[in-house]
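Thanks for making the time this morning. Before I say anything, please have a look at the sequence and the model on the screen.

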Amino acid sequence: MALDTGTEALARLAEEHVDHRFKGLPPDAAGLTVAELAAQRRNLFTGGFTTPVLALSAERLEHNLRLMETYTARHGLAFAPHGKTSMAPQLFHRQIEHGAWGITLAVPHQVRVARAYGVQRVFLANELVDAAALRWIAAELDADPDFRFVCYVDSVRGAELMDAALAGLSRPLDVVVELAAGEDARTGVRTEAECAAVADAVTAAASLRLVGVAGYEGEVPDAGPEKVRAWLRRLVALAVGLDKEGRFADTDEIVLSAGGSAWFDAVADVFAEVPELSLPVLKLLRSGAYVSHDDGHYRELTPFNRVPAEGALEPAFRLWSQVVSRPSPTQAFTNAGKRDAAYDLHLPFAQVVRPASGGPERPATGITVTALSDQHAWLRTAPEAELEVGDWVGTGLSHPCTSFDKWQLIPVAEADGTVVDYIRTFF
């Protein structure tokens, strides 16, 4: 698929009409195209948006994109951020514009979305054994010589299933052996001996080509700096060993990939130690949550806490809801719940209040989110809390991956509330 086809597909997103499918958007915008609504530069708070409404900060989004571009370049890393975080082709392209090698994905549907919007390099962080999906990948590879696709293999059986489904492929499918992060970790080959057996199976498969090794250090049991670095060195040693055995003779570079959003500093450190191999090494980092960051899980875990001199990511999401009930001095309810807010890791964090009276925004002092129902947030209010029915409450969220997936069209707002763009998601 040619890149201009992806550009045209992105342009068509702006031609989509605003209607009842999209939560939080102004009712009087129905019938406008997304481009027409964006051109109006409405204010999030006074422009007719209804609550609950999720917004991305334009400034913080750009800051995060630039920061990781700088970080990966400084450390000599290629970057394929995990697209399952946002499933937003507009953000995929902004990430690529900011230096990303390509996009990491997890399942075939996500690859189809990326290809529909012209993404030319995809790293699938999973073993792909679905015959229908493999045939579709084969057709994409046959039709587009510039399409680069790499996926995991973590079993002899998987290699055999891939080969059977890909019979007749004009060029081989690139695979990397996935090394498990430990005995009780998620997917991946458990031992180096088993890795060798999987490599043998790939060599025996006419439709496959072994191009490297990969894994996910976030699954290291009881992960800490020493354990994570020890596993990463084991991953590097696996690549070195396979290279010495001549396993990568059919490729022109060796792919070495790791890196979630919690330990990319360790990945940078250990990958800097990779010795010279027989071919150039593509050191591929896959961190994805950085694009929006968050106010909870990743704010606590981000490597930038350990390396503050490298910069700091900024949480870009804020969910706005409205107080619909104030039954007692210690309790209030807003109209955002599990259908609107991530809650799998932390509940939302009350941050600011915008009074219905139109007064200035103020900190959400004395206000705590204690629970979520399907369509309500339960707030505990201390004596110092100033909160009335009709007030807007802005909350921060934890875990971007379960924030994006609840919203199909997300306003991007500047600091003064001016909405300058809308991000379309595909989950």
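Predicted model: local features only at pLDDT ≥ 70, side-chain atom pairs only at ≥ 80, totals over all residues.

Let me begin inside the protein, where the largest cavity holds about 60 Å³ of space. A cavity here is a set of points, on a 1 Å grid over the protein atoms alone, where a 1.4 Å probe fits but cannot get out, and its lining residues have an atom within 4 Å of a point; the volume is the space filled by probe spheres set on the points, which are joined across faces, edges and corners. Residues are numbered from 1 along each chain as its sequence is written, and side-chain values use heavy atoms, with hydrogens and water left out.

Among the residues that line this largest cavity are Leu319, Thr334, Pro348 and Val393, and its lining divides into 9 nonpolar, 3 polar and no charged residues.

The second largest cavity, with a volume of about 30 Å³, is lined by residues including Phe264, Tyr290 and His293.

Turning to the packing, which residues touch the most other members of the largest nonpolar core? They are Phe149 and Leu173, in a core of 109 residues, where a nonpolar core means buried Ala, Val, Leu, Ile, Met, Phe, Trp, Tyr and Cys residues joined through side-chain atoms within 4.5 Å, and buried means under 20% relative accessible area with a 1.4 Å probe, protein chains only. A second, separate core of 20 residues includes Ala29 and Trp320.

Definitions and conventions
1 Å grid on protein atoms, 1.4 Å probe; cavity = no way out; pocket = protein on both sides within 12 Å on 5 of 7 lines; lining within 4 Å. Nonpolar A, V, L, I, M, F, W, Y, C, P; charged D, E, K, R; others polar. Buried < 20%, exposed > 50% of the residue type's maximum accessible area, 1.4 Å probe, protein only.
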